[in-house]
Amino acid sequence: MIQIRNLIHDYLRRDEEGNVEGSHRAIDHVNLDVHPGEFIAILGHNGSGKSTLAKHINALLYPTEGTVVVDGMNTADEQNLWKIRQEAGMVFQNPDNQIIGQVVEEDVGFGPENMGVPTEEIWERVNESLRIVEIEHLRKKSPNRLSGGQKQRVSIAGVIAMHPKCIILDEPTAMLDPSGRKEVIRAARALNKVEDITIILITHYMEEAIYADRVFVMDEGRIAMQGTPREVFSDVDRMKELRLDVPQVTLLADELRRKGLDLPAGILTADELADALGLKEETDVRKQA
Amino acid sequence: MIEVKDVCYTYEAGTAMAVNAIDHITTTIPDGQFIGLIGHTGSGKSTFVQMLNGLIKCSSGQILYNGEDINAENYNRRQLRSHVGLVFQYPEHQLFETDILTDVMFGPKNLGLSEEECRSRAEQALYAVGFKERHFTQSPFDLSGGQKRRAAIAGVLAMKPEVLILDEPTAGLDPMGRDSILDLVSELNRTRNITIVLVSHSMEDVARYVDRIMVMNDGHFILDGPPTDIFVQVDKLEEVGLSAPEITYVLRKLKARGLDIDTNALTYEEAAEEILRHRSQLEALRTRE
């Protein structure tokens, strides 16, 4: 789906006359392959290059060196621009900056309308998109009357209506309350599992990354760690070095292991911890009672 | 001390659209307390904190700061804003000067203090948030996300506030940026006895740092007490779109699966201690298998 080869990106600093004063290497020799239908999470501290990388995937930024190929199309080739932006949709952090319509359904229909989709099909796409993110009941509402989680789902619906093969979510939950965060992550997982859309999720919440097939950790513009969530989160010390957390339950298991309990590394959920501690399934306990 | 007496705030009062954003709140904020204010988006948190420093005037009721009515006609509200400092969401968007020192001097200048006094206050504030002298001449726009936010907090600190209100100060920061802001706030509370009101969406942050939690829903407080008393009421929190800290859910799961533990722990360290207290039960479970 996505092939990134030896990607380098330098941000240039210019003086008042527009002469190049200096440059900052934001992406430094990154190689990354994303397969169709995968759920990828990208972690990394502020300034590690996550967003810069993501913006290359839908051609908002172009490589200084190296190539980015999305579904067989090189992003450096201008002819591919609109096709790539339609196939790789992007959802940003602040929902208020990406909603333009006065009414939810109008906002969701904006993308396909812009692509020249026939009116009847626009409505079909709007209906389908609203259904997927479970906001059909909000279709006639004004977006600015919605909660953060609802607004962010409107943004996602707007992207889905363009029928992308891949959606990049750049810290979509950073501004949301706990229930809003759950809504958005549930929507992203449904898109991946049910609609088979490739998902690239950039986040600071480690708990959100445990659903991914693979996790990439960025540092100083390079990929510092990669693997399944279990592999990556097993290395608590390395994650801390990279200025990141691991999920709370993983920290707890790690602390227990340090204090002498015999537990495997990389525990990601409460159930896994309970299993590892030798506790019986809930249903069994009830039966005994 | 801030006393809030039967306060209401109505948006678009007198019209059909009237909404009670704040609905008959009575509470007291004693000096030196570290308060966590939680509630879903739109629950009234931001409206409430803006009333505390007189940015918006309550529709009815009274707010007393050190015994004086802040909405009285001859009350010096400009002075109040230096005593009760408010750090907005995404405060880095409000940095605007050419260098950090000048930016931080802006607040004290507005209080009509001498150039010398402004400079010394700004320098102290910048040292307090962890900047070194060599940073003072840097442009605020060249700073990292976490640094920008610390510069913005310094701008409020330079007013020498007795109460510091922070509206989601860690939104969008990576785990290390988040910890550095919260450690800073906690230190201001401990060493300078500044009263802190922290508006947050992160239950983990609130659990780790504050003395008292106030839970807001539909414009009034539905829960108010120390963290351990609040986070046992998981069902009530979830009803209003919030949650307990991750670790509470882990402990509840272990309990549901038969481990006879207390689920009050709020951090993973406390949770580990609690689990280790039941080592003998765990060992018994293992040998039974």
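Author: Two strands count as paired if DSSP finds at least two bridges between them. The model is a predicted one.

Start with strand β1 of chain A, which covers residues 2-14. Strand β1(A) pairs with strand β4(A), residues 65-70, in the antiparallel sense, and the pairing runs over 5 bridges. Within this pairing, Ile4(A) has Val68(A) of β4(A) opposite it. Strand β4(A) also pairs with β5(A), residues 73-74, again in the antiparallel sense, over 2 bridges. Here Val70(A) has Met73(A) of β5(A) as its bridge partner. β4(A) and β5(A) form a hairpin with 2 residues between the strands, and Asp71(A) takes a positive phi near 50 degrees in that hairpin.

DSSP assignment gives chain B 12 helices and 10 strands. The C-alpha trace of chain B spans about 75 × 55 × 30 Å along its principal axes. Of the 289 residues in chain B, 46% are buried. Among contacts in chain B with a separation of 6 or more, 63% join residues 24 or more positions apart.

Six strands of chain B make an open sheet with mixed pairing, in the order β6-β7-β8-β3-β9-β10. The edges are β6(B), residues 84-87, and β10(B), residues 220-225; each has a single partner strand, so one side of each has no neighbour in the sheet. From one strand to the next the twist averages 20 degrees. Inside the sheet, β3(B), residues 34-38, and β8(B), residues 195-199, pair in the parallel sense over 4 bridges. Leu37(B) has Val199(B) in β8(B) as its bridge partner. Helix α1(B), residues 45-52, packs on this sheet and touches β3, β6, β7 (163-167), β8 and β9 (212-217) of chain B. The direction of α1(B) makes about 155 degrees with that of β7(B).

Next, helix packing. Two packed helices are described by the angle between their axes and the distance between the axes. In chain A, helix α5(A), residues 148-160, packs with helix α6(A), residues 178-193, at about 20 degrees, and their axes are 8 Å apart. Angles under 35 degrees count as roughly parallel, so α5(A) is roughly parallel to α6(A). The crossing of α5(A) and α6(A) is right-handed. On the α5(A) side the contact is made by Gly148(A), Gly149(A), Gln152(A), Arg153(A), Ile156(A) and Ile160(A). The α6(A) side supplies Ser179(A), Gly180(A), Glu183(A), Val184(A), Ala187(A) and Leu191(A). Sorted by class, this contact holds 5 nonpolar, 5 polar and 2 charged residues.

The C-alpha atoms of Arg230(A) and Thr250(A) are separated by 9.5 Å, with the two residues 20 apart along the chain. Neighbours within four places in sequence aside, Arg230(A) is in contact with Gly266(A) and Leu268(A). Arg230(A) has 16 C-beta neighbours inside 10 Å and therefore counts as partly exposed.

That leaves the backbone angles. Most residues other than glycine have a negative phi. Arg243(A), though not a glycine, has a positive phi of about 65 degrees. Arg243(A) lies in the loop between α9(A), residues 236-241, and α10(A). With 18 other C-beta atoms within 10 Å, Arg243(A) is partly exposed. In chain B, Lys160(B) is not a glycine either, and has a positive phi of about 50 degrees. Lys160(B) is found in the loop between α5(B), residues 145-157, and β7(B). Lys160(B) counts as partly exposed, with 17 C-beta neighbours inside 10 Å.

Key
Residues are numbered from 1 along each chain as its sequence is written. Chains are lettered from A and ligands numbered from 1 in the order in which they are written. This is a predicted model: local features need pLDDT of at least 70, side-chain atom pairs count only at pLDDT 80 or more; totals for chains, interfaces and linings use all residues. A residue is buried if 20 or more other C-beta atoms lie within 10 Å of its own, exposed if 12 or fewer, and partly exposed in between; C-beta atoms are placed from the backbone. Two residues are in contact if their C-beta atoms, placed from the backbone, lie within 7 Å. Axes are lines fitted to C-alpha atoms, for helices over the stretch in contact, and angles run from 0 to 180 degrees between N-to-C directions. Angles under 35 degrees count as roughly parallel, over 145 as roughly antiparallel, 65 to 115 as roughly perpendicular and the rest as oblique. A crossing is left-handed if the near helix is turned anticlockwise from the far one by less than a right angle, and right-handed if clockwise. Ala, Val, Leu, Ile, Met, Phe, Trp, Tyr, Cys and Pro count as nonpolar, Asp, Glu, Lys and Arg as charged, and the others, Gly among them, as polar.
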